[in-house]
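This briefing sets out selected side-chain features of the structure shown below.

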Amino acid sequence: MDWGTELWDQYEIIDKHTQWGLDLVEKYVKFVKERTEIEQNYAKQLRGLVKKYSPKRGTKEDQECKFSQSQSFVDILNEMNDYAGQREVVAENMMMNICIELTKYSQDIKQERKMFLLEGRKAQHYLECSFKQLDSSKRKFEREWREAEKAALNAERLDQDINATKADVEKAKQQAHLRTHIAEECKNEYAAQLQKYNKDQNSFYFTDMPQVYNKLQDMDERRVKKLREGYHTFAETERRVMPIIGKCLDGITKAADNANEKKDALTLIELHKSGFQRPEDVEFEDYSQAINRATSESSLGTPKAPSDLRPIGKNKSKLWPFSKNKKLPPPPLLPLTPHSLAANGPPSPKFSRDPLSYCLNEINKTVKPRISSFRSLKRATAFTEDFSHLPPEQRRKKLQQKIEELNKERQKEVDQREALDKMKDVYQKNPQMGDPNSLEPQINQTSNNIERLQAERQKYESWLADAEGRLVHRSETMGYTVHRESAPSLNNNNGSHSKDSPDSAHSDDSNQDSSSQPIYAEFEDDFEDEDSVLPIGQCTAVFHFDGASEGTISMREGEVFSVVEEDKGDGWTRVRRVNGDEGYVPTSYVKIALHRK
């Protein structure tokens, strides 16, 4: 069934229906455009949200990414950024494959519909013209026939009239015959026009207009098909990004699973473990001996402190690490005897309770022990080029990192010098390409850079060897040892205290003692060795390793070790033998199996 057969007389309906179809296409295009705007705004807002919560480089948030929970959050932000990108892809594909495509197709359909309707109007106009000719010939035939009838009646009347002359009768007959002949011609013309009109009308209703209707039907069916494809594209565009969105969601789930509370706890320990010993017990200092001796003495003045009683300020125990670093009070004063108080001031108070308890309470009110806090130690420690201000293990890692950076810079300079040497050879062989001498300054500069980097690397390697040597010594002792050579390094790095600093508040005895020993002598026990750490896993040697360099350990293929410290990104793993020997081995030479907590 087609429009040309079934809707041969519904031209206006077909016209309105095809126009409605084009309006529907434009309406759908407008809908998709607004959908793309929503997707673009959504993606823009998502990217803005990700940027708002992403850690900035060099900030505290960036440093917090060492923790798995923070890194998981960063991974989630990255996945959301990718998710926003997929929303942009949806918007772009909808705009390209639906809006632009259907808009262009709609324009073509409009032109095609206009052409088909023009053909129909031409056919209708031709039929109308044919009908006008038929109507004109019909009226002419009718008019001439009436005139012929009148002429025939007139001739017959004159022929019967006895008063009419013969000439009048002949003239009337000739006129009647002429009119009859003209009427016959008009009749023939009318018949011909009628035949022609019937043919045109048959062609119009059975050939021309059905063809136009069928073309419009085909055009409308193609429009519906194209619109259906647009409907499918609307869903397929969304469905094509669903696997990637699913991967983003899987990435978010994986990032959530990567948040490891045990690992974060160990990371916090690794980042902030000081290695200092806990404060020792505070010794009891018996001031009652001075009080008892003062009551028996008759001399006036302040007695000397016993030699076995040192000021509290000399106690090497440290303040609580979570206490605020406040300025300490002046040096403590020893208690006065009653006789000296009577000679130099008001009489001594009458003890309503035990004299020893009273004196100890008074001392506690006025005397605060001079104990150096960790924060004041950190302020006093200056950053040095050899990282001697850091604990040994952290110092070794920093030196290795610095050596790797110097190796990379040196390799770049070496590659640049090789390229310059090749270019110089090309210039020497082909002088027309350039002057070889023009490359000499660059070659010299590159050579100087290589020598400078080589010297710097050797300097850091010597420091690394020294640090690794100390680590080996510390691992052999397996206890708390003091690196007394670290005190001069602190002194040489502007680590001295000013008079106004909290550490300058000493008693006279402490000032006298400090002149005969290094300024950081009381912090000798601050850089003590750590306890022997528990293994975190096991590893099996895959290849043979000599372990010739200092700080490393040799291994045979198939030998099993305990993993003491994971690879921190420098390519080395710290392991321990059964006999207690520790050292570093290449991570790529062993197969590691860590304990899962």
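Tyrosine 427 lies in helix H11. In this predicted model, tyrosine 427 counts as buried because its relative accessibility is 17%, and the cut-off for burial is under 20%. Its C-alpha is 9.1 Å from that of asparagine 437, a residue ten positions away in sequence.

- Helix H11 covers residues 392-429, and aspartate 421 is found in it.
- Aspartate 421 has a relative accessibility of 33% and therefore counts as partly exposed.
- Together with Asp415, Glu418 and Asp425, Asp421 forms a negative surface patch.

- Side chains of opposite charge can pair when their charged atoms come close.
- Across the whole structure, a search finds 25 salt bridges.
- One of the salt bridges joins the side chains of aspartate 15 and arginine 113, with an N to O distance of 2.2 Å.
- Because aspartate 15 lies in helix H2 (residues 11-53) and arginine 113 lies in helix H4, this pair ties together parts that are 98 residues apart in sequence.
- Arginine 113 is buried, its relative accessible area being 9%.
- A salt bridge also forms between the side chains of arginine 47 and glutamate 88, at 3.0 Å from N to O.
- This pair likewise links distant parts of the chain, with arginine 47 in helix H2 and glutamate 88 in helix H4, 41 residues apart.
- Arginine 47 has 29% relative accessibility and so counts as partly exposed.

- Glutamate 236 and arginine 239 meet through their side chains in a salt bridge of 2.8 Å, N to O.
- Both residues of this pair, glutamate 236 and arginine 239, lie in helix H5, and their spacing of three residues is about one turn of the helix.
- Glutamate 236 is partly exposed, with a relative accessible area of 33%.
- Arginine 239 is also partly exposed, and its relative accessible area is 47%.

- Aspartate 200 lies in helix H5.
- With a relative accessibility of 12%, aspartate 200 counts as buried, because the value falls under 20%.
- The side chain of aspartate 200 makes a polar contact of 2.9 Å with the side chain of serine 130.
- Aspartate 250 is found in helix H5 too, and it is exposed, with a relative accessible area of 53%.
- In sequence, aspartate 250 and glutamate 79 are 171 residues apart, while their C-alpha atoms are 9.1 Å apart in space.

**A nonpolar surface patch**

- Trp8, Tyr205 and Phe206 make a nonpolar surface patch of about 360 Å².
- Within this group, phenylalanine 206 belongs to helix H5, which spans residues 166-257.
- Phenylalanine 206 has a relative accessible area of 63% and is therefore exposed, since the cut-off for that class is over 50%.

**Residue pairs distant in sequence**

- Isoleucine 14 lies in helix H2 and is buried, with a relative accessible area of 2%.
- Isoleucine 14 and leucine 216 are separated by 202 residues in sequence, yet their C-alpha atoms are 8.0 Å apart in space.
- Aspartate 135 is found in helix H4, whose residues are 68-160.
- The relative accessible area of aspartate 135 is 25%, so this residue is partly exposed.
- From C-alpha to C-alpha, aspartate 135 and tyrosine 190 are 8.3 Å apart in space, with a sequence separation of 55 residues.

How values were computed. Residues numbered from 1 in each chain as written. Predicted model: local features only at pLDDT ≥ 70, side-chain atom pairs only at ≥ 80, totals over all residues. Heavy atoms only, no water. Patch = residues over 30% accessible without salt bridge, like charges linked within 9 Å, V, L, I, M, F, W, Y side chains within 5 Å. Areas by Shrake-Rupley, 256 points an atom, 1.4 Å probe, with all protein chains shown as cover. Salt bridge = Lys/Arg side-chain N within 4 Å of Asp/Glu carboxyl O. Lys, Arg positive; Asp, Glu negative; His and termini not counted. Charge placed at Lys NZ, Arg CZ, Asp CG, Glu CD. Helix = DSSP H or I, 4+ residues; strand = E, 2+ residues; numbered from the N terminus. Buried < 20%, exposed > 50% of the residue type's maximum accessible area, 1.4 Å probe, protein only. Polar contact = N/O pair within 3.5 Å; in protein donor to acceptor, adjacent residues only side chain to side chain.
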